[in-house]
Amino acid sequence: MRLSRYFLPVLKETPSEAQIVSHRLMLRAGLIRQHAAGIYNWLPIGYRVLRKIEQIVREEQDRSGAIEILMPTVQTAEVWKESGRYDDYGKEMLRIVDRHDRDMLYGPTHEEVVTDIFRSMVKSYKDLPKNLYQIQWKFRDEVRPRFGVMRGREFLMKDAYSFDLDEASARRAYNRMFVAYLNTFARLGMKAIPMRAATGPIGGNLSHEFLILAETGESGVFVHKGMLEKTVPANVDFDGDLQPIVDDWTSLYAATDEMHEASKEAELGDALVSARGIEVGHIFYFGTKYSKPMGCKVVGPDGQDVDLHMGSYGIGVSRLVGAIIEASHDDAGIIWPESVAPFKVGLINIKPGDAATDAVADDLYAKLEAAGVEVLYDDRADERAGAKFATADLIGLPWQLVVGPKGVAAGVVELKNRRSGEKVEMSVEAALAKLT
Ligand code: ATP
Ligand code: MG
Ligand code: MG
Ligand code: MG
């Protein structure tokens with residue numbers, strides 16, 4: 001992509017409404033623009049990051065055996081009346097009346113809708129287990145939308161729903177999601193820690209929240225130091241027994257302040273870290289909480305009806321964009337992990353119009369594109385070199401490849417690593433070899 005033809009509305013001033021660094025950087029780097037409180041437009045580079053995160057989440061859901069569907073954003077109130085949650089959900093639910101005076105709503109979550117699909121289309125235990133997921137926009141009319149996309153009113157969630165014949169099987173489904181989450185956050189370059197969580201209005205009895213540690217997190221957390229050192233197992237067999245992995249990741253103390261036991265402070269002493277965290281994922285096993293009232297059952301092996309055991313599993317896809325920035329930035333701007341960067345390389349021509357420099361930069365651009373490398377080519381004629389470097393640092397692409405007249409005369413270009421700041425001069429061929 002040539003920057004001269006792109007849409008990258010970078011702000012010069014620091015927006016005053018943004019209280020935390022990720023929100024400031026998302027506005028300044030032109031990732032988002034607010035439409036209304038807690039409702040955002042996703043601008044080109046922001047949307048690219050969102051799609052990359054979404055794709056990693058999708059691949060890890062698929063790997064774990066979950067099956068992707070898409071449910072509507074606008075739902076009928078009827079199914080919520082059946083489950084008993086229509087009144088309980090309160091003001092966070094955006095309620096809508098259609099032209100026929102029917103009660104509708106913009107979905108804050110999809111347990112009812114998916115249970116309705118399942119009860120009408122699945123009749124036998126032979127069709128179990130199943131886990132259906134989607135990546136879909138939600139609306140929750142949060143009292144205090146803030147921190148940009150971290151607490152939006154409209155936000156993108158991955159939500160999965162498992163259906164099993166009994167509790168033992170449902171726990172295996174829970175474990176598959178638990179491990180899929182470890183893999184997902186690791187691929188996003190994040191250390192997310194599973195913590196025992198309260199089950200809240202969704203109900204049930206087994207639940208973990210996954211949190212990324214960050215000073216600006218909204219949750220207080222208490223974590224055994226050893227949790228920070230744990231590594232995610234490679235090449236997991238999702239058909240195998242995952243209990244040992246889950247046991248390992250839940251063997252050390254980790255709790256949000258809601259669940260914290262004060263006695264642990266004396267017991268663990270220096271090993272206990274008190275910090276703040278951002279909730280990026282949440283998994284629940286809630287048994288027959290929805291299947292019973294909604295009549296979601298199948299015929300079991302002995303010919304008797306069985307209420308299905310369910311779980312639900314969320315990841316805050318759009319919140320992750322902010323959370324990743326909270327965890328990965330410096331004074332100059334964002335530092336994207338390579339897996340989610342909007343482009344891998346920022347190619348900077350510091351003197352457009354200089355024939356020799358243009359020739360080398362244009363050629364590099366063509367070769368990188370041909371090799372399938374995502375490159376944003378700063379070919380703007382009306383910006384000074386200093387401004388181009390500042391923009392490149394701000395938007396945080398992993399690599400900056402700088403082409404200027406002096407280097408071109410000496411047969412070299414400069415490659416800068418955004419994270420380490422290291423700059424190395426090398427031949428064009430060496431730079432290509434490094435980046436492709
Ligand atoms: P929170 O405690 O932050 O309000 P929640 O517990 O209400 O979140 P869940 O119902 O567990 O949220 O939804 C699953 C995931 O969706 C959360 O872990 C979070 O990552 C994301 N999420 C929830 N609310 C929002 C929001 N208002 N804006 C962005 N992401 C959100
Ligand atoms: Mg909430
Ligand atoms: Mg929560
Ligand atoms: Mg939650």
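How many bridges join strand β19 to β20, and do they run parallel or antiparallel? Select residues 345-349, which form β19, and you will find four bridges joining this strand to β20, the two running parallel. Before going further, note that this is a predicted model, in which local features need pLDDT of at least 70 and side-chain atom pairs count only at pLDDT 80 or more, while totals for chains, interfaces and linings use all residues. Residues are numbered from 1 along each chain as its sequence is written, and chains are lettered from A and ligands numbered from 1 in the order in which they are written. Helices (H or I, at least four residues) and strands (E, at least two) are DSSP runs, numbered from the N terminus, and two strands pair if DSSP finds at least two bridges between them.

Staying with β20, select Y377, the bridge partner of L347. Now widen the selection to the open sheet of five strands, whose order is β20-β19-β21-β22-β23, with mixed pairing. At its edges stand β20 (375-378) and β23 (423-426), each with a single partner strand, so one side of each is left without a neighbour in the sheet. Neighbouring strands of this sheet are turned by 20° against each other on average, direction ignored; here axes are lines fitted to C-alpha atoms, for helices over the stretch in contact, and angles run from 0 to 180 degrees between N-to-C directions.

Contact means that the C-beta atoms of two residues, placed from the backbone, lie within 7 Å. Helix α14 (residues 428-435) lies across β19, β21, β22 (413-417) and β23, and runs at about 30° to β22.

Move on to strand β8 (residues 154-164), where 11 of the 11 residues are buried, so the strand is largely enclosed by the rest of the structure. A residue is buried if 20 or more other C-beta atoms lie within 10 Å of its own, exposed if 12 or fewer, and partly exposed in between, with C-beta atoms placed from the backbone. Both faces of β8 are covered, with E154, L156, K158, A160, S162 and D164 buried on one side and F155, M157, D159, Y161 and F163 buried on the other. Strand β7 (residues 130-139) pairs with β8 in the antiparallel sense over 10 bridges, and Q134 stands opposite D159. Strand β16 (residues 309-316) also pairs with β8 in the antiparallel sense, over eight bridges, and there Y313 is the bridge partner of A160.

Finally, select I53, L211, I212, L347, L401 and V403, which touch the most other members among the 107 residues of the largest nonpolar core. Such a core is a set of buried Ala, Val, Leu, Ile, Met, Phe, Trp, Tyr and Cys residues joined through C-beta atoms within 7 Å.
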